[in-house]
Amino acid sequence: MTDSKNTDTSPRKGIYLLPNLLTTGGLFAGFFAIVSSMNGHFEAAAVAIFVAMVFDGLDGRVARLTNTQSEFGAQYDSMSDMLSFGVAPSLVAYNWGLADLGKFGWLAAFIFVACAALRLARFNANLSVTDGRFFQGLASPAAAAIIAGMVWTGSIYEIDGDNIGYLVGLLTIITGLLMVSNFRYHSFKDVNWRDRVSFLAILCVVLIFVVIAARPAEMLFGIFFIYACSGPVTTIRSVRKLKLEHVVGDTNDADFADELQERNDAVKVDEPDNEPRS
């Protein structure tokens, strides 16, 4: 007698809930930042971008911990990042200090959006071939944090963004260009978070959180601004002679290893092993 039960072993179709729910939270925070800036609530808009950063940091880690990674989740996360860390920061900056500058204002905002899109596309295309210890160019969440930190700090000190519009535009353009540069930024992915640390290290972490909590706008803006400056410094220190390819260019041009050291390593590999074998 033939068994009529369904024996189909094909994988179930659907979307993993938890990581995509976190991605949706980041998407909502980015959209909320845009709406808040349109209504003149710039402090809330800046905070929303930082909230989107928290969701962006959680969704990927939760997906790996729960083994719920998927191609859909990766693409959805990239689209969410484009809005939260590309469109949202540029519009917040535009509404805060660039709207009265005419063509220069909206072009500065567009440069940031375009660079964020290029940065995300390059990251996705080179995900399997890049050095995991470093980012190629400033990561879009860090770039968005600089813009959000600037607006948040200005709002706290009641600074009218229109009075410093050209400074806002200059910082927006430079931050956008850093995203598409070849400068190397530490990704901190090689840090072993499961390793044991001393009591003093934990105490320092607590003190850092206290300082940030006391002055969040200024501290976050300062931390990410210093991080943005660390890329050029790290790159210049890692090469013997700075070339155009180390600053901007195709992915294959960004070879930061010392060429002489590479040749020496190649020679060592090609040399025959003359040591006696037991």
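**Figure 1. Buried residues of helix α1 in the predicted model.** The buried residues of α1 are Pro19, Asn20, Leu22, Thr23, Gly25, Gly26, Ala29, Gly30, Ala33, Ile34, Ser36 and Ser37. They pack against two other helices, α2 and α3. In an α-helix, residues three or four places apart point the same way, because there are 3.6 residues a turn.

**Figure 2. Length and end of α1.** With 22 residues, α1 spans 31 Å from its first C-alpha to its last. This is close to the 32 Å expected at 1.5 Å a residue. Just after the helix, Gly40 has a positive phi of about 85°.

**Figure 3. The largest nonpolar core.** This core contains 50 residues, and Phe50, Leu138 and Phe224 have the most contacts inside it. At least two core residues come from each of α1 (17-38), α2 (42-65), α3 (71-98), α4 (103-125), α5 (140-156), α6 (165-179) and α8 (216-238). The helix that gives the most is α5, with 10 residues.

**Figure 4. Surroundings of Phe50.** Leaving aside residues up to four places away in sequence, Phe50 touches Ala145, Ala148, Gly149, Trp152, Leu220 and Phe224. Phe224 is also among the residues with the most contacts inside the core.

**Figure 5. The cavity.** The structure has 1 cavity of 30 Å³ or more, and the largest cavity holds about 40 Å³ of space. It is lined by 13 residues, of which Gly26, Ala52, Asp56, Ser80 and Asp81 are the closest to its centre. Two or more lining residues come from each of α1, α2 and α3, with the largest share, 5 residues, from α3. By class, the lining has 5 nonpolar, 4 polar and 4 charged residues.

Note on methods
Residues numbered from 1 in each chain as written. Predicted model: local features only at pLDDT ≥ 70, side-chain atom pairs only at ≥ 80, totals over all residues. Heavy atoms only, no water. Core = buried A, V, L, I, M, F, W, Y, C linked by side-chain atoms within 4.5 Å. Buried < 20%, exposed > 50% of the residue type's maximum accessible area, 1.4 Å probe, protein only. Helix = DSSP H or I, 4+ residues; strand = E, 2+ residues; numbered from the N terminus. Contact = heavy atoms within 4.5 Å. Expected span 1.5 Å × (residues − 1). 1 Å grid on protein atoms, 1.4 Å probe; cavity = no way out; pocket = protein on both sides within 12 Å on 5 of 7 lines; lining within 4 Å. Points joined across faces, edges and corners; volume = space filled by probe spheres on them. Nonpolar A, V, L, I, M, F, W, Y, C, P; charged D, E, K, R; others polar.
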